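Visitor: I would like to go through this model with you, one question at a time. Could we begin as soon as the structure is on display?

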Amino acid sequence: MAELSYHVENGESNKGSMSKELWNNNGSARTAQNLSTSLMRKKSDPMLVSNVRYEMLRHFLSNLQQVILGTKLAVLFPAIPLAIAADFYNFGRPWIFALSLLGLTPLAERVSFLTEQIAYYTGPTVGGLLNATCGNATELIIALFALYRNKIHVLKYSLLGSILSNLLLVLGTSLLCGGLANIKKEQRYDRKQADVNSLLLLLGLLCHMLPLMFRYAAAPGVLVADSTLQLSRASSIVMLVAYIGYIFFQLKTHRQIFESQEQEDDEEEEKAVIGFWSGFSWLVGMTLIIALLSEYVVGTIESASETWGISISFISIILIPIVGNAAEHAGAIIFAFKNKLDISLGVALGSATQISMFAVPLCVVVGWMMRVKMDLDFSLLETGCLALTIVVVAFTLQDGTSHYLKGVILCLCYTAIAACFFVHNVPAPLDQTSAKMGLKPPSAFSA
């Protein structure tokens with residue numbers, strides 16, 4: 001069985017480094033998120049299971065070794081059965097929340113690994129679509145469960161937190177660490193990819209601001225809830241069309257932007273380490289486990305907030321995105337250390353773009369089909385933080401060069417926003433409205 005090689009070049013210049021590594025020799029697309037999480041993986045020794053007598057058992061143990069033990073985050077897997085046991089034996093709900101959150105960390109990295117393995121068999125187009133769809137699967141599943149349970153405030157907070165975390169924390173720490181590690185060098189990156197993502201983020205910001213401005217522009221006493229909802233649904237369709245255009249732009253018409261003009265003669269060809277159906281089966285199984293843990297997270301977040309004395313907004317916007325994307329964030333920082341800012345920017349901007357232009361409007365459309373009033377009105381405070389964040393990042397990336405001070409500024413911006421939501425402990429207005437109407441959110445696992 002072939003082993004998967006993860007070759008990272010330590011060159012002086014990172015020009016085109018992201019492009020060189022985004023495409024395998026077999027033409028299969030790899031996203032920056034795949035590259036960042038790959039640094040959390042470790043090679044497995046096939047000799048450990050080669051002496052097993054029965055072929056089916058040997059095949060299963062080999063897959064188990066690659067999928068479960070093939071990550072440096074394997075030490076967190078015990079949190080998954082502990083979370084299930086805590087729920088079964090009715091332990092404290094804050095414990096269920098904490099254990100579920102820890103269990104989601106390795107699962108998010110493993111989903112990235114499995115989608116990459118499947119992409120080896122599906123070709124560049126299907127593989128690219130698969131990676132683009134599953135890049136933030138954990139956040140999307142948590143959001144959909146929050147939508148199903150009618151916890152709209154948790155949904156909006158978690159998606160907003162993912163965008164802010166990627167744009168400020170991940171990008172900021174990457175620029176900071178990369179600047180300090182290469183303090184005597186001028187770090188450069190390809191502005192073309194940054195410009196594309198910035199344009200999409202600005203379009204998403206416009207669609208987020210329109211319902212808010214529409215509500216404030218209405219005459220006093222005029223009810224605009226239905227009009228705001230309709231505007232949000234129309235804007236969501238626009239955002240999804242733009243995201244589809246972005247995927248087509250990246251994989252087809254302007255693929256050369258993401259490809260290298262240079263070839264590495266000594267680059268070892270990477271191969272899949274598990275079969276297609278094995279990878280698909282593991283992906284389905286892990287998705288179901290993520291769904292179960294997401295149900296625990298959504299169902300126990302209020303109890304954790306009351307017990308710990310921390311606002312739901314802080315837990316959703318700050319804690320959940322940090323823990324859920326720990327592997328991806330660490331990989332982006334490591335690539336910045338290696339003077340490969342293109343990959344770090346691809347992780348931060350790519351994830352933020354996917355959440356803003358795909359996950360958020362998808363939740364609005366799914367809520368529309370479920371007859372749940374999910375809109376794009378994220379209130380003044382949340383929308384203002386998003387707007388200022390995108391503006392600051394756009395100014396930070398405008399010249400194509402980087403130094404550690406830019407990273408310091410972005411990290412301080414994130415700290416200020418975190419402090420704001422730490423003291424922000426206002427009850428969710430949507431939940432109050434539902435309580436007055438006598439509505440109860442349905443359970444995702446109820447009959």
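Visitor: Does Arg 149 count as buried or exposed?

Guide: The model is a predicted one, in which local features need pLDDT of at least 70 and side-chain atom pairs count only at pLDDT 80 or more, while totals for chains, interfaces and linings use all residues. Residues are numbered from 1 along each chain as its sequence is written, and side-chain values use heavy atoms, with hydrogens and water left out. Buried means under 20% relative accessible area, exposed over 50%, and partly exposed in between, with a 1.4 Å probe and protein chains only. Because its relative accessibility is 14%, Arg 149 counts as buried.

Visitor: Where does Arg 149 lie, and with which side chain does the side chain of Arg 149 make a polar contact?

Guide: Arg 149 sits in the loop between α7 (137–148) and α8 (152–181), where helices (H or I, at least four residues) and strands (E, at least two) are DSSP runs numbered from the N terminus. A polar contact is a pair of N or O atoms within 3.5 Å; within protein, one must be able to donate a hydrogen and the other to accept it, and residues adjacent in sequence count only if both atoms are side-chain atoms. At 2.9 Å, the partner of the Arg 149 side chain is the side chain of Glu 295.

Visitor: Which side chain meets that of Lys 151 in a salt bridge?

Guide: A salt bridge is a side-chain nitrogen of Lys or Arg within 4 Å of a carboxyl oxygen of Asp or Glu, and the bridge of Lys 151 with Glu 302 has an N to O distance of 2.9 Å. This pair links distant parts of the chain, 151 residues apart, with Lys 151 in the loop between α7 and α8 and its partner in helix α11 (residues 276–308). Lys 151 counts as buried because its relative accessibility is 8%.

Visitor: How many residues apart are Asp 375 and Lys 156?

Guide: The side chains of Asp 375 and Lys 156 meet in a salt bridge at 2.7 Å, N to O. Asp 375 is in the loop between α14 and α15, whereas Lys 156 is in helix α8. Both Asp 375 and Lys 156 are buried, and the separation of this pair is 219 residues.

Visitor: Which elements do the buried residues of α15 pack against?

Guide: Helix α15 (residues 379–396) has 18 residues and reaches 26 Å from its first C-alpha to its last, close to the 26 Å expected at 1.5 Å a residue, where the expected span is 1.5 Å times one less than the number of residues. Its buried residues include Glu 382, Leu 386, Ile 390 and Val 393. With contact meaning heavy atoms within 4.5 Å, the buried residues of α15 pack against α8, α9 (191–217), α14 (341–370) and α16 (404–422).

Visitor: How many disulfides does the count come to?

Guide: A disulfide is a pair of cysteine sulfur atoms within 2.5 Å. Cys 207 counts as buried at 4% relative accessibility, and Cys 363 counts as buried at 0%. By the sulfur distance rule, the number of disulfides is zero.

Visitor: What share of the residues in the protein chain is buried?

Guide: The protein chain has 17 helices and two strands. Of the 447 residues in this chain, the buried ones make up 55%.
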